[in-house]
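Please open the model in a viewer and prepare to select residues by number.

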Amino acid sequence: MKLWRHHSFQKPLHRRLHLPFKPAPKLIQTVPQFSQDPQTTAILNLIDKGNFTPTSVSYSKLLSQCCTTKSLRPGLQIHAHITKSGLSDDPSIRNHLINLYSKCRSFGYARKLVDESSEPDLVSWSALISGYAQNGLGGGALMAFHEMHLLGVKCNEFTFSSVLKACSIVKDLRIGKQVHGVVVVSGFEGDVFVANTLVVMYAKCDEFLDSKRLFDEIPERNVVSWNALFSCYVQSDFCGEAVGLFYEMVLSGIKPNEFSLSSMVNACTGLRDSSRGKIIHGYLIKLGYDWDPFSANALVDMYAKVGDLADAISVFEKIKQPDIVSWNAVIAGCVLHEHHEQALELLGQMKRSGICPNIFTLSSALKACAGMGLKELGRQLHSSLMKMDMELDLFVSVGLVDMYSKCDLLEDARMAFNLLPEKDLIAWNAIISGYSQYWEDMEALSLFVEMHKEGIGFNQTTLSTILKSTAGLQVVHVCRQVHGLSVKSGFHSDIYVVNSLIDSYGKCSHVEDAERIFEECPIGDLVSFTSMITAYAQYGQGEEALKLFLEMQDMELKPDRFVCSSLLNACANISAYEQGKQLHVHILKYGFVLDLFAGNSLVNMYAKCGSIDDAGRAFSELTERGIVSWSAMIGGLAQHGHGRQALQLFNQMLKEGVSPNHITLVSVLGACNHAGLVTEAKLYFESMEELFGFKPLQEHYACMIDLLGRAGKINEAVELVNKMPFEANASVWGALLGAARIHKDVELGRRAAEMLFILEPEKSGTHVLLANIYASAGKWENVAEVRRLMRDSKVKKEPGMSWIEVKDKVYTFLVGDRSHYRSQEIYAKLDELSDLMDKAGYVPMVEIDLHDVEQSEKELLLYHHSEKLAVAFGLIATPQGAPIRVKKNLRVCIDCHTAFKYICKIVSREIIVRDINRFHHFKDGSCSCGDYW
C-alpha cells in the first residue's frame, strides 16, 4: 500500500501523537447475569475449603475459562482470592482480569485495573479496547486507544483491528483515516487481519470505492476477506453488488463457508429474489452448511419475505433447536402474509418450548392481534410487556398504539400514545390512522395540526391518512391545504398521495380537480383508476366512468372488486342495464361473484336499472347478506312500487336476526309511501325507537310527511312538522310542497316554498312547483310573479333530461332536442304515435305547461318532452318486443305519464321509466304506481 494514497497522514509522527479524538460518552457500569461453568465452580469450592492452593498459572487458566464462558460471578470470586494471595500485581493475571471484565461489560472494574497499573502494557490496553469494541461501545474503545497512544504504547495487528472496528461502530471516517495512516506507518497494512477490518471500516462509513480498492490490494484474500466485503454491501442494501462479488469469489476458486452463504441469503432477501435464494439454499445443502443456525435463520427470513411462507415454515421445522431469531423470523413471516392465527399458534409453541419472547416477538404478536381484532389477547400481551419492563421501548409502544387503534379501542390507543416518552413520526401516524380508520376524522385532523405545530415531519402515509379524513368530512378547503403541503414537500408525485388526492377531491364533489390530478399522474395504477371511476360514479358522470374503464382495459389493468362495484354504481346511476349485465359477466369471470361488496352492488344496479327480477336473483345468490344487502333489495322493491313485498322482506330480515339501520327504515317507510300503506308506515314510524333503538331522523320525518300528504292527510302532515324535535330541513318542506301540488293547496304550497327559498335558494324546482300550484288554481298573476322572481334571483330552471341505453351506448335527450343523428326518424315516430294516441282517446294536458303560447304550441311542446323523445328512439332502435328503459333527472310529468300508458298498449311493449322518485312500469295500458306517485 502506497503512502501517497493517504496524503492526510503525511505529517511528522510527533505531531500525530496527540490525535484529536472526540471524548467518548459517559460509560454506564453494567453487571449482566452470565452462566457459570461447573468445573470452575468446583475448583472454587476446593480453594474455599483450603484443599487447593493455586499458583499464578492456575489462576490464569481459571480466568481464561471464565472469560470463555463469560462467567462473571466466579471471576469476581477468583479476583478476591488473588487479592488475598498477594498476586494482584502479577502482569499476566492482571491482563486476564482486564480481559474478563471487558468481555463481561464490567468496564468499571476493567478501567480501575488499567488505571492502578504503573505501566499498563499492550495486552492490557488491547483487552480493554477489544472489550469495548465487541460490546458495541465504539466511543469507549477510541478513548482508550487515544490514552494508549499518548502513553507511547505501540499497537499490534489485534489492537488495530479492534480500533478500526470501533471506527466502524461510530462511523467516524476522519478518525478511521488517521488510524489507517498509523497502520501504514507501523507496517501492518499487509496483515490480512488488519486489511479486512480496514475494508469493513471504509464500507461502514459509506466509502465503498475506497473499501473495494483496499480489498483489491490485499495480496492473499481469504474467505474472511470476501465475507467482510459481502456483509458490508448487504448491510448497506447493495445486494445486487454483493451477489456479483460472491460469484467473483467462487470463480476465483475460493470455497464459500457458512458465513458467505448466510450473507448471500440476506442479499437475496433484500433483492426479493426467491429463485436466486433457492440456488444459494442448494449451495448450503451441497456444502453441508444447512445445519448452521445463522444460515437456517436467514433462509426462514428470506423465504418469508419473498412470499414463500410454506418454504419458510418447512426450513424452520427442520431446525433441531430453533433459537429466538428462528422463532421471530417465522412468526414475523406469518404476520407479514396475514396468517395471523398461525403466527399466534407459533407464539404458543415457542413459549412451550421454553424460549421467552423478546420485543420483536411481541411486536409481531401485537400486529397479529391488530389484524384479527383480538382485543383481550392484545391486552394480555400489553400486561406481559409491563411485567417484563419493556413497555417503554418505542418500537413496542408504537405497536401497542397500532394494536389498540385497529381493535377500535381508541381511548386505550390514545393513552398508550400519551405515555410515549418520545413520539416519532411512526407513533403519530399510528394514532392518526386509528382515528381515521374509525371515522373519527375531526380528531385525526386535530392530531395532524398538533403534530405539525410540534415540528414533527410527515411522510406519504401521513398525507394519505389525512386526505382520507378530509374525504370523510368533505372539507375541500382542508384537502387543498394538504395538497399544497404535498407539493411543497415533494410528495405530490408519490402514487399513494396522488390516489388519495383523487379520492378526496372526488368525495368533496370537486370532480374536475380530481380529474386534473388523475390526468397529470404519469403512471396510473389500479387504485388511481378506481378512485377516479368512483368519483365519476358518485357524482352522476356514469358515462365518463365507463369510458375510463375501457381505457383501463386498454392498459391491461385487471379490475378488482372495488372497480367492479364502482362501475356497477355508475351503470345504476345512468340506468345502463346492458353494460351492467356485461360487468356482471366480468364479476363472474374474475371470481368476485362470492364477494359481498360486488354482490350488493349487483343488487343495487339491477334494481336501479329497472329489472327488479334480476335484482331479486342477485340477492338470492348472495352467500352472505349484510344490512347493506337487505337495504338494497328492500329499497329496490319500494322504488318499483312493490310495497307489500318490501315489507315482507323486511320482516324476513328481522327473523334472520339482522338489525336494521336508519337507511333500511327509510326504505321501509318509502315502500309504505309508494304503496299508500299509511297505517303500516305509522306503526313503523311511531315504534322505531322502541323496536330498533334509534329516534327518527329528518329523512324518516320527510318520508312520513310525504306519505301523509299524498294520502290527503294534509293536516296530519303539518301537525307532524310542528311536532318535530328539530328544525325541518329542505326534504321535509319539499314533501309538504309536493303534497300541496297534488291537492292544489295554494296556501300550504306558498308557505313551504317560502321556507325552501331560504334553505335552497338556488333550486329551480321550488319555483316550478309553486308556479304549477298557482296555475292549477287559475292564479296566473301569481304564476307570472314566480317567473319574475326566478329572473330577478337569476335562478335557472333545471332542464329536463332523459337517458336511454341502446347497444352499450347511453344517449341523452333534452326537451325539443334535435341533435341526435336519427332526429328525423324520432320525430316521425312521435307524429305516428300522436295520431294513434288521439284515436285511442288521449288528450294532451296543456294546463300543466306554463309557457305563454297558443294551445297548439303547448301541445307540441308536450309532445317533445325529453322522456317522449327517448321512448321514441327506443322504439326505432331496439328489437321488437324488447322493454324500453328510460331514466329522467326530474319527476315524470303527468302528461308523459298518461301518454306512456297509451303508448305501451299501442306498441305492445313494456316501458320502464325511472324518475327522481321511483320506477314506473308501463304495461298493457297501466302503470305499476297505480297513478299514485
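Begin by selecting helix α43, residues 730-742, together with helix α44, residues 746-759; in this predicted model the two pack with their axes 8 Å apart and at an angle of about 150°. Because angles over 145 degrees count as roughly antiparallel, α43 is roughly antiparallel to α44. The crossing in which α43 passes α44 is left-handed.

Next, display the side chains at this contact. From α43, select A730, W733, G734, L736, L737 and A740; their counterparts in α44 are L748, G749, R751, A752, A753, M755, L756 and L759. Coloured by class, the contact of α43 with α44 shows eleven nonpolar residues, two polar residues and one charged residue.

The tour now turns to aromatic rings. A pair of aromatic rings is described by two quantities, the distance of the centres and the angle of the planes. With ring centres required to lie within 6.5 Å, the count comes to 31 aromatic pairs.

Select F813 and F873 as one of them: the ring centres are 5.9 Å apart and the planes stand at 50°, so this pair is tilted. F813 belongs to strand β2 (residues 809-814) and F873 to helix α49 (residues 866-877), so that the pair links distant parts of the chain, 60 residues apart.

Move on to Y842 and Y863, a tilted aromatic pair with 6.4 Å from centre to centre and 55° between the planes. Y842 sits in the loop between α47 (823-840) and α48 (855-863), whereas Y863 is in helix α48, so the pair ties together parts that are 21 residues apart in sequence. Y842 is buried at a relative accessible area of 4%, and Y863 counts as buried at 12% relative accessibility.

For a cluster of rings, select F215, W226, F230, F246, Y247 and Y283, which are linked by ring pairs.

The last stop is I912, in strand β4 (residues 911-914). With 4% relative accessibility, I912 counts as buried. Which residues surround I912, leaving aside its neighbours within four places in sequence? Select G610, P883, I884, R885, V886, F919, H920 and H921, with which I912 is in contact. Finally, draw a C-alpha to C-alpha distance from I912 to S928: the two are 9.6 Å apart in space and 16 residues apart in sequence.

Key:
Residues numbered from 1 in each chain as written. Predicted model: local features only at pLDDT ≥ 70, side-chain atom pairs only at ≥ 80, totals over all residues. Heavy atoms only, no water. Axes fitted to C-alpha atoms, helices over the stretch in contact; angles between N-to-C directions. Helix = DSSP H or I, 4+ residues; strand = E, 2+ residues; numbered from the N terminus. Parallel < 35°, antiparallel > 145°, perpendicular 65-115°, else oblique. Left-handed = near helix turned anticlockwise from the far one by under 90°. Contact = heavy atoms within 4.5 Å. Nonpolar A, V, L, I, M, F, W, Y, C, P; charged D, E, K, R; others polar. Phe/Tyr/Trp six-rings, centres within 6.5 Å; stacked < 30°, edge-to-face > 60°. Buried < 20%, exposed > 50% of the residue type's maximum accessible area, 1.4 Å probe, protein only.
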